[in-house]
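This briefing is meant for a reader who is meeting the structure for the first time. Please look over the sequence and the model shown here before going on to the notes, which are grouped by topic.

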Amino acid sequence: MYSDFQVPDMTSPTTQFAPPSRIGIYEPLRQIGMWEDTFDDNISAGTGVCIIMETEAKLDDKTEYASDKSLEHAEDSQASKSISEKIQRRLAQNREAARKSRLRKKAYVQQLETSRMKLAQLELELERARQQQGLLIASATANVGICGTINPGIAAFEMEYRHWIDEQERKISELRNLLQSPIGDAELRMVVENVLNHYCNLFRMKRDAARADAFYLESGMWRTSVERFFLWIGGFRPSELINVVMPQLEPLTEEQIASVNNLRHSCVQAEDALSQGMEKLQQTLAQSLTFLAAGAGNYSSQTAAALEKLESLESFINQADHLREQTLHQMSRILTTRQAAKGLLAFGEYFQRLRALSSLWSARSIENLANLQNDANSIR
C-alpha cells in the first residue's frame, strides 16, 4: 500500500491535492456533524438527567458513607472513653471497699481485745466465786455451824474485801492522774495519807477475819491464784514492798538510801523470825497429832492443847500485818511526798498486774480444758 504512494512535486504549479476522502483522512467538521446527528438520535433529555442524578446519588452515597465512618469512629472513641471511666470508677470503688474493709477489721480487732479484757474480768469474778465455794467445801466444819449457816465473819470479810479492791483501783487511778498534773505537795500529801489509811483499813479487816478463821487468811483463798503464789503469812512480804518501789524512786539521796537499806534489813530479820515461829508451830502441832494417834495421855487434854496451839496462828497473822503496816509508814517518812506517791502507785500497779496475770492464766486454763473436750468429742 505504502509502495504505490508517490510524493507529489511541491514545486509544480499544476500540482493538485486529492480530496481528503481519497487518502483516508477524516474531515473534522463533517465528523463532528456525524457525532451530533448520532447523539441527537440516541440521547434524549430524560437520559441526561438520569445520568446526572445517578452521579449525584453516588456522590451522596460516598458522602453518607464517609459520614457514617466518622460517626462510627466517634462512637468507638466515646465508647472507649466510657469504658475507661467505668474502669476508673470500679477501681475507685474497689479502693473504697478495701479501705472500709480495713476499718472494719481494725474495729473487729479492737472489739475482740475489749471482749478479751471483759472475759478476763469475768474470769476473775468467777475464780473468786469458785474460791468461795472451795472454801465452803474445804472448811465446812469451821465455817458452817450446826444449823448450816456460813461463818458470818468470813462472809463479811469477803464482801468488804471486794469493795476494798474496787476502791483501791479508783485510788490508784487518781494517784496516777495527780502525778501527771502540776499539783502541790500539800494536796498530794493528803492523797498519800488517804492511800495509807486505805491499807490500814485492809489490816483492820484482816484482824476481824483472823478472829473468825485464821486458816482462811493463811490459805489465801481470798486472793487470786498468782497472788497466792507470793503469799507470806496471809499477805505480802514487807521486804517485797521495798524491792518493788525502789526502782521507781530514783534518784535518792545518800541519807535516803541508807535509811531504806536499814529498813529492808530490819524487815528481813522480822520476816525470818516470824517464818521460824510458823515452822515451830507446825512441828509442835504435828507432834500433838502424833500423840493423839498413838493414844498416849488424855485425849481431851491433848486435843485442847492442839487447839490452843492453833489459836496462836491468829497472832502470827496479826504480827505479820503489823510489820507490813509499819513498813508502809516508815517508807512514807523516809521519802519525799512525791516519792511516796510514786512508791504507792508502783506498789498498787504491781498487784494490779498480779491480778491481771491471774485472770489470763484462768482464761488459758479454761481454753485448754475446752480444747481437751473438743479433742475427746472428735475421738468419739
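R189 is partly exposed, with a relative accessible area of 25%, and its side chain meets that of E193 in a salt bridge, at 3.4 Å from N to O. The model in which this pair is found is a predicted one, and the protein in it holds 11 helices and 0 strands.

**Salt bridges**

- The structure holds 15 salt bridges, and the pair of R189 and E193 lies in helix 5, where a spacing of 4 residues separates the two by about one helical turn.
- E193, the partner of R189 in that salt bridge, counts as partly exposed at 33% relative accessibility.
- Helix 5 also holds R211 and D208, which are 3 residues apart, or about one turn of the helix, and which form a salt bridge whose closest N and O atoms are 2.3 Å apart.
- Of these two residues, R211 is exposed, with a relative accessible area of 56%, whereas D208 is partly exposed at 33%.
- A salt bridge also joins R176 to E349, with the closest N and O atoms 3.1 Å apart; because R176 belongs to helix 4 and E349 to helix 11, this pair ties together parts that are 173 residues apart in sequence.
- R176 is partly exposed, with a relative accessible area of 26%, and E349 is likewise partly exposed, with a value of 22%.
- Beyond these pairs, E167, R170, K171 and E174 are linked with one another in a network of salt bridges.

**Overall make-up**

- Read from the N terminus on, the elements of the protein run α-α-α-α-α-α-α-α-α-α-α.
- The protein has 380 residues, of which 29% are buried, and it exposes about 25900 Å², with carbon and sulfur atoms supplying 57% of that area.

**The largest nonpolar core**

- The largest nonpolar core contains 59 residues, and those that touch the most other members are F157, Y161, Y199, L217, M331, L344 and F347.
- At least two residues of this core come from each of helix 4 (152-179), helix 5 (185-212), helix 6 (214-219), helix 8 (238-245), helix 9 (254-294), helix 10 (299-334) and helix 11 (337-379).
- Helix 5 provides the largest share of this core, with 11 residues.
- M331, when its neighbours within four places in sequence are left aside, is in contact with I242, V245, L249, V260 and L263.
- Two of those contacts of M331, I242 and V245, are among the buried residues of helix 8, which also include P238, S239, E240, L241 and V244.
- Because 7 of its 8 residues are buried, helix 8 is largely enclosed by the rest of the structure.
- In general terms, nonpolar side chains in soluble globular proteins tend to be buried together.

**Aromatic rings**

- The structure holds 12 aromatic pairs, and in one of them the rings of F157 and Y161 have their centres 5.9 Å apart and their planes at 20°, so the pair is stacked.
- F157 and Y161 are both buried, and since they are 4 residues apart in helix 4, about one helical turn separates them.
- The rings of Y199 and F347 have their centres 6.1 Å apart and their planes at 40°, so this pair is tilted.
- One aromatic cluster is formed by F157, Y161, W164, Y199, Y216, W222, F236, F347, Y350 and F351.
- F236, a member of that cluster, has R324 lying over its face, at 5.7 Å from the ring centre.

Conventions
Residues are numbered from 1 along each chain as its sequence is written. This is a predicted model: local features need pLDDT of at least 70, side-chain atom pairs count only at pLDDT 80 or more; totals for chains, interfaces and linings use all residues. Side-chain values use heavy atoms; hydrogens and water are left out. Buried means under 20% relative accessible area, exposed over 50%, partly exposed in between (1.4 Å probe, protein chains only). Accessible areas come from the Shrake-Rupley method with a 1.4 Å probe; for residues, only the protein chains shown count as cover. A nonpolar core is a set of buried Ala, Val, Leu, Ile, Met, Phe, Trp, Tyr and Cys residues joined through side-chain atoms within 4.5 Å. Contact means heavy atoms within 4.5 Å. Rings of Phe, Tyr and Trp (its six-membered ring) pair if their centres lie within 6.5 Å; planes under 30 degrees apart count as stacked, over 60 as edge-to-face and the rest as tilted. A charge sits over a ring if NZ of Lys or CZ of Arg is within 6 Å of the ring centre and within 35 degrees of the ring normal. A salt bridge is a side-chain nitrogen of Lys or Arg within 4 Å of a carboxyl oxygen of Asp or Glu.
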